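Here is a short briefing on one structure. Keep the sequence and the 3D view open as you read.

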2 protein chains.
Amino acid sequence: MGLTKTEMFTDQQNEIALFAKAFGHPARVSILQHLFKIDSCVCGDLVSEIGLAQPTISQHLKELKHLGLIKGNIEGTSVCYCIDKENWAAMKNVMSEFLDQDLSQKQECC
Amino acid sequence: MGLTKTEMFTDQQNEIALFAKAFGHPARVSILQHLFKIDSCVCGDLVSEIGLAQPTISQHLKELKHLGLIKGNIEGTSVCYCIDKENWAAMKNVMSEFLDQDLSQKQECC
DNA sequence: TTTATTAATCGTAATATTGCAATATAATAA
DNA sequence: TTATTATATTGCAATATTACGATTAATAAA
């Protein structure tokens with residue numbers, strides 16, 4: 001089917017999955033790392049930096065923007081994309097709660 | 001195309017994406033949370049707990065096992081699945097390095 | 001206005017993922 | 001041996017994702 005049955009999961013579970021899905025492609029990981037590294041960017045830089053076609057990068061950027069992890073300001077003919085640090089921090093809180101489950105001490109069972 | 005061009009990314013970027021992809025479905029998030037919660041489990045419990053069909057759960061478990069995040073021991077006719085805590089900790093290190101990029105202080109650009 | 005330049009959108013092909021019915025496999029019980 | 005129980009595998013349909021050429025839109029420069 002390819003259709004995720006979101007209604008049978010909690011909002012938290014769906015939110016974790018949405019963020020994780022965004023990081024589930026190396027191009028988006030690379031884009032985010034690059035944005036953090038130079039702390040400002042235009043789409044063209046990313047195209048030459050990463051090696052995918054311009055429409056592909058644009059599509060990945062759109063997804064990240066839709067999730068709120070990045071924001072873009074138009075500067076002339078180019079667009080200055082950067083990390084939305086506030087939303088990034090909020091995302092980290094959501095993901096940490098999931099990733100740090102192992103910190104509540106329990107026995108190993110098998 | 002639907003084909004990720006992994007060869008143009010670093011091993012680290014691909015590894016982050018692989019883990020993230022595993023968390024990119026609420027059923028797998030739910031399965032992992034459940035395994036942490038009861039610290040032991042058989043597949044049947046998960047089927048009734050989550051509400052997806054048995055083959056679907058089995059498939060999700062297979063993916064998580066393949067990634068090394070869980071392990072399964074056969075106990076009679078059932079299988080005891082549980083978190084592989086060592087590999088979970090290793091995964092967290094990989095993910096944290098990515099998620100904590102914002103901790104290196106920089107200016108907001110736009 | 002015309003001509004770059006840059007990024008977004010559209011359309012589409014190829015591949016991946018999700019979900020489940022049907023079936024197979026494996027271990028145990030009767 | 002023959003059920004029974006529990007999980008895995010197979011096969012397939014439906015949907016999602018990825019990638020990119022072609023085009024469009026918007027601004028800047030000439």
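Start with a glycine in a loop. A:Gly68 sits between helix H4 (54-66) and strand E2 (70-75) of chain A. Keep in mind that this is a predicted model.

**The loop glycine**
- A:Gly68 has a relative accessibility of 13%, so it counts as buried. The cut-off for buried is under 20%.
- Which residues does A:Gly68 touch, not counting those up to four places away in sequence? They are A:Asp84 and A:Asn87.
- A:Val29 is 39 residues from A:Gly68 in sequence. In space, their C-alpha atoms are 15 Å apart.

**The sheet of chain A**
- Chain A has an open sheet of 3 strands. Their order is E1-E3-E2, and the pairing is antiparallel.
- Strand E1 (41-42) and strand E2 are the edge strands of this sheet. Each of them pairs on one side only.
- Strands of a sheet pair through backbone hydrogen bonds, and the pairing can be parallel or antiparallel.
- E1(A) pairs with strand E3 (residues 78-83) of chain A over 2 bridges, in the antiparallel sense.
- Which residue of E3(A) is the bridge partner of A:Cys41? That partner is A:Tyr81.

**Helices on the sheet**
- H4(A) packs on the sheet and touches E2 and E3 of chain A. The direction of H4(A) makes about 120° with that of E2(A).
- Helix H2 (residues 26-38) of chain A lies across E1, E2 and E3 of chain A. H2 runs at about 90° to E3(A).

**A histidine in a loop**
- A:His25 lies in the loop between helix H1 (11-22) and H2 of chain A.
- Is A:His25 buried or exposed? A:His25 is buried, because its relative accessible area is 15%, and buried means under 20%.

**Two copies**

**DNA strand C**
- There are 31 residues around DNA strand C. The ones that come nearest are A:Met1, A:Gly2, A:Lys5, A:Tyr81 and B:Met1.
- Take the atoms of DNA strand C within 4 Å of the protein: 60% belong to sugar or phosphate, and the rest to bases.
- In chain A, a polar backbone atom of A:Cys43 is 3.0 Å from a phosphate oxygen of DNA strand C.
- In chain B, side chains also come up to the phosphates. An N or O atom in the side chain of B:His25 is 3.1 Å from a phosphate oxygen of DNA strand C. For B:Lys21, the distance from a side-chain N or O atom to a phosphate oxygen is 3.5 Å.
- Which elements give two or more residues to the surface near DNA strand C? They are helix H3 (43-50), H4 and E3 of chain A, together with helix H4 (54-67) of chain B.
- H4(B) provides the largest share of that surface, 5 residues.

Technical notes
Residues numbered from 1 in each chain as written. Chains lettered and ligands numbered in written order. Predicted model: local features only at pLDDT ≥ 70, side-chain atom pairs only at ≥ 80, totals over all residues. Heavy atoms only, no water. Helix = DSSP H or I, 4+ residues; strand = E, 2+ residues; numbered from the N terminus. Buried < 20%, exposed > 50% of the residue type's maximum accessible area, 1.4 Å probe, protein only. Contact = heavy atoms within 4.5 Å. Pairing = 2+ DSSP bridges. Axes fitted to C-alpha atoms, helices over the stretch in contact; angles between N-to-C directions. Near = heavy atom within 4 Å. Polar contact = N/O pair within 3.5 Å; in protein donor to acceptor, adjacent residues only side chain to side chain.
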